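Hello,

Here is the structure for your files. My notes on the side-chain contacts follow below it.

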Amino acid sequence: FIFLLKELIMKRVISVFVFILSLSTILFGGIQYNLEDFQDNGLSSQFGLVDHGGKRYARFGLSPNLAFGPLGVGVDLNLFMPTEGDAVPSDLSSVVLRRVSYDHQDQAGFTWGRLQKVNFGYGLLMDDYDSGSFGSTVFTNEKAGVLAYGTYQNVRVDGMMTASKVNGVRASYTLEESLIMGSPVVFGVNYVKDTDGISDIYDGKSIQREAQEGYGLDIGVPIAGDFLTVYTEYAKLTDQGQGMSAGFKGNIFGQFDYRAEYRTLGERFAPGYFNGLYEATSFDFSTDSIAEKTSGYLVSGGTSFMEDLMQAGLMYANHD
């Protein structure tokens with residue numbers, strides 16, 4: 001029992017430590033890890049400090065994930081304690097419905113809750129979008145969204161709607177066999193729109209983004225399944241710029257993810273504009289960093305250790 005207790009404590013300490021380090025990714029916007037990446041699917045626990053309304057509260061939490069056949073339900077059971085003598089505000093709830101999901105035989109389904117690592121395409125337009133990156137780590141309905149999909153023969157349609165009014169749709173068609181080693185070819189069309197932009201303040205910092213929409217086209221060929229996929233993609237931000245990319249990505253033995261691509265970026269185009277930090281950071285299209293046409297490459301890799309108790313990744317980009 002003591003050994004299991006020590007192992008559980010060490011797992012949570014490592015998870016929280018890596019989570020704290022991951023907060024620094026706001027400076028880079030590259031590879032990101034969230035506390036959820038280190039939690040078990042059954043029952044997980046949290047202990048830490050929560051910033052809310054400019055004040056801090058200690059949080060003790062249990063987060064059971066329940067499955068009833070194709071239906072999944074995630075709940076947060078929270079105990080908040082003030083650190084400065086103030087009463088806990090009423091909007092910090094003790095019981096929170098965090099996630100609801102349903103999947104029908106891999107043919108149709110939906111997920112409601114905080115949407116993380118959402119990709120429509122291969123990252124040139126939407127790259128690991130996160131609907132709940134703004135503000136504190138406590139889940140609220142303002143961080144929620146719905147992600148749904150449906151398939152019919154070789155056609156698949158994915159749709160997304162969020163409380164922050166970032167909505168998107170992807171339609172794809174799979175050609176089962178091709179002249180490229182008999183591999184399937186996936187053709188995709190993407191559209192993403194933020195209806196009202198972002199205008200908010202957190203911890204004294206103003207977050208501002210204009211309303212924006214974009215669309216894209218992509219072609220992917222999974223030559224060796226998850227091991228190797230070759231792709232090319234085009235994306236355009238309405239009233240801004242456009243870009244193209246071509247590369248390959250995959251996973252080696254379920255342990256190592258890799259990606260390498262060459263990009264050509266037009267004036268006033270920001271690659272991966274709808275990304276994991278979209279809700280939490282400002283952006284100005286008049287910045288000098290995207291004022292001119294440029295080209296270059298991007299490579300990244302990531303892996304996990306000790307049964308996912310530790311994760312590490314590296315991303316490097318170089319443009320003219």
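Arginine 156 is partly exposed, with a relative accessible area of 34%. The model is a predicted one, and this holds for everything that follows. Arginine 156 pairs with aspartate 158 in a salt bridge, their closest N and O atoms lying 2.9 Å apart. Aspartate 158 has a relative accessible area of 11%, which is under 20%, so this residue counts as buried.

The total is eight salt bridges. Another of them joins the side chains of arginine 259 and aspartate 127, at 3.9 Å from N to O. This pair ties together distant parts of the chain: arginine 259 sits in strand S16 (residues 256-265) and aspartate 127 in strand S6 (residues 126-127), 132 residues apart. Arginine 259 and aspartate 127 are both buried.

Arginine 263 and glutamate 261 also form a salt bridge, with 2.6 Å between the closest N and O atoms. Both of these residues are buried.

On the nonpolar side, the largest core has 22 residues, and Met126, Met160 and Phe274 touch the most other members. A separate core has five residues, including Val50, Tyr57, Phe80 and Val138. Leaving aside residues up to four places away in sequence, methionine 160 is in contact with Leu115, Val118, Phe120, Met126, Tyr129, Val146, Leu147, Val166, Asn167 and Gly168.

Regards

Note on methods
Residues numbered from 1 in each chain as written. Predicted model: local features only at pLDDT ≥ 70, side-chain atom pairs only at ≥ 80, totals over all residues. Heavy atoms only, no water. Core = buried A, V, L, I, M, F, W, Y, C linked by side-chain atoms within 4.5 Å. Buried < 20%, exposed > 50% of the residue type's maximum accessible area, 1.4 Å probe, protein only. Contact = heavy atoms within 4.5 Å. Salt bridge = Lys/Arg side-chain N within 4 Å of Asp/Glu carboxyl O. Helix = DSSP H or I, 4+ residues; strand = E, 2+ residues; numbered from the N terminus.
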